[in-house]
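Grab a pencil and work through a few exercises on the structure shown here. Try each task yourself before you read its solution.

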Amino acid sequence: MIQTDICIIGAGPVGLFAVFEAGLLKMRCHLVDALPQPGGQLSEIYPQKPIYDIPGYPTINAQELVDNLMKQIEPFKPGFTLGERVDTLERTSEGFILGTNENTSIMCKAVVIAGGLGCFEPRKPVLENLDKFEGSGVQYMVKNPEQFRDKKVVLAGGGDSALDWTIHLADIAKELTLIHRNETFRGAPDSAEKVAKLAEEGKIKLLLNTNLQKLTGNGRLKSIEVLNKQKEEASIATDYLIPLFGLSPKLGPIANWKLALDRNAIEVDTLDYSTSVPGVYAIGDINTYPGKLKLILCGFHEAALMAQSAFKLVYPDQKLSFKYTTVNGVPTL
Ligand SMILES: Cc1cc2nc3c(=O)[nH]c(=O)nc-3n(C[C@H](O)[C@H](O)[C@H](O)COP(=O)(O)OP(=O)(O)OC[C@H]3O[C@@H](n4cnc5c(N)ncnc54)[C@H](O)[C@@H]3O)c2cc1C
C-alpha cells in the first residue's frame, strides 16, 4: 500500500502545481492519473498550442508548461501512478484509502481531486465480443511499448495517436498493421507521410478504407477479421489490437463519492476549496463556485489555498506560519 500525506487525483497542470504548494509546507504527495503521461488536457489535447495567459510567460507551449511544472515539483519527489483510474474513496480513522482500477491502494490524510473534465475514457469500436478480449489482447493505450516487442500488433485509427504509435512500434513489434477506415488521416501530415513510407518499405502493413469486423480467439485474442470498402474480407493473426479512436472525458467514478455536485462539477467552499466531504478538496476545472473560470491560473491559486488548509490535517499539532519563497527558498522533502 502506498502511503502519503496528500493523494492528488489528476496529474493535469493544477494537480502538478498542487504538489509544489503542498511541498512548500513539507507535505508529501502522490498523484494518480488515468492517462499514461502527466499534463492532463495540455498533453492530451493541445500539446503544441501556445498559451498566452500564464503569468510571466508572454507565450508558452502547453507541453513546455507541463515539462516546467514537472521540473518545478522535482524537489518534492512526488510519487506517480499513471495509467490507472481512481475508482474508490473510503474514509478511515486515519484519513482515506483510495483504490484504482488496477488494484493499487493509496493511504493518505487528505485527498485533492484535480480531475479536470474527468477521466478520459477511450472511444471503443463497436464489436460484438470486444469486452471478452479487453485485457487479453485488446487494450486502449500504450503504457509500456516494450510489452509489444517481437509481438504481432494491430493498431486501428486515423488520428495522431494511431500515427505516432505506428511510427514508434514499427521497430519494436514483430509484425505491425495499421487499419484505418478512410483513405486519408486526420493526424499530422508529416506523420502520415512517415507511416506511408514505412508501408512502402514493407516495415508495416497499412490497410486503408478498412473496418474492424470481428475478433476471434479462445480466451485470448488470436485474429481480427476485417472488411474493406470493396467488400473484401481478410483475417489478420495478431497478439494485440490497440484501437486508438480518441478519448472522451467522463466524470466517472467521482460521481459516486457522495460529494455535493452541480452539473457534473464538485461544489467547493472558496475559503480553501474544500468539498462537502471533510478532508477532500477539489481544485481546477473539476470544481464549481460562483464566478468560477476554467483557467489554469485560477487552478494554481486554488492549489495554494487548498495547501494551507490541508496542512491542518497533515500536521494537526503544528502552527502554520506563512513565508515567502524569496525568504525561505524551496525546501526539499
Ligand atoms: C484546446 C484547449 C485550449 C485551452 N487553452 C487554455 C488557455 O489558453 N489558457 C488557460 O488557462 N486554459 C486553457 N484551457 C483550459 C485548461 O486546459 C484547463 O483549465 C486545465 O487543463 C485544467 O487543469 P486541471 O489540472 O484542472 O485538469 P485537466 O488538465 O483536465 O487534468 C485532469 C486530469 O485528471 C485525470 N483524472 C480525472 N479523473 C480521474 C480519476 N478518477 N482517476 C485518475 N485520473 C483522473 C484526467 O485523466 C486528467 O489527466 C484550454 C483547454 C483546451 C481544451
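## Exercise 1: Cysteines

A search of the whole structure turns up zero disulfides, a disulfide being a pair of cysteine sulfur atoms within 2.5 Å. Before going on, note that this is a predicted model, where local features need pLDDT of at least 70, side-chain atom pairs count only at pLDDT 80 or more, and totals for chains, interfaces and linings use all residues. Residues are numbered from 1 along each chain as its sequence is written, and side-chain values use heavy atoms, with hydrogens and water left out.

**Task.** Find the nearest cysteine sulfur to Cys-7, then do that for Cys-29.

**Solution.** 
- Step 1: For Cys-7, the sulfur of Cys-108 is the nearest, 5.1 Å away, and Cys-7 is in no disulfide.
- Step 2: Cys-29 isn't in a disulfide either; its nearest cysteine sulfur belongs to Cys-7, at 8.9 Å.
- Step 3: Now check accessibility. Buried means under 20% relative accessible area, exposed over 50%, and partly exposed in between (1.4 Å probe, protein chains only). Cys-7 has 0% relative accessibility, so Cys-7 counts as buried. Cys-29, with a relative accessible area of 5%, is buried too.

## Exercise 2: Two helices

**Task.** Work out how helix 1 (residues 13-24) and helix 3 (residues 62-73) are arranged. Helices here are DSSP runs of H or I with at least four residues, strands are runs of E with at least two, and both are numbered from the N terminus.

**Solution.** 
- Step 1: The two axes come within 9 Å and cross at roughly 20°. Axes are lines fitted to C-alpha atoms, for helices over the stretch in contact, and angles run from 0 to 180 degrees between N-to-C directions.
- Step 2: That makes helix 1 roughly parallel to helix 3, because angles under 35 degrees count as roughly parallel, over 145 as roughly antiparallel, 65 to 115 as roughly perpendicular and the rest as oblique.
- Step 3: Look for contacts, meaning heavy atoms within 4.5 Å. On the helix 1 side, these involve Pro-13, Leu-16, Phe-17, Val-19 and Phe-20; on the helix 3 side, Val-66, Leu-69, Met-70, Gln-72 and Ile-73.
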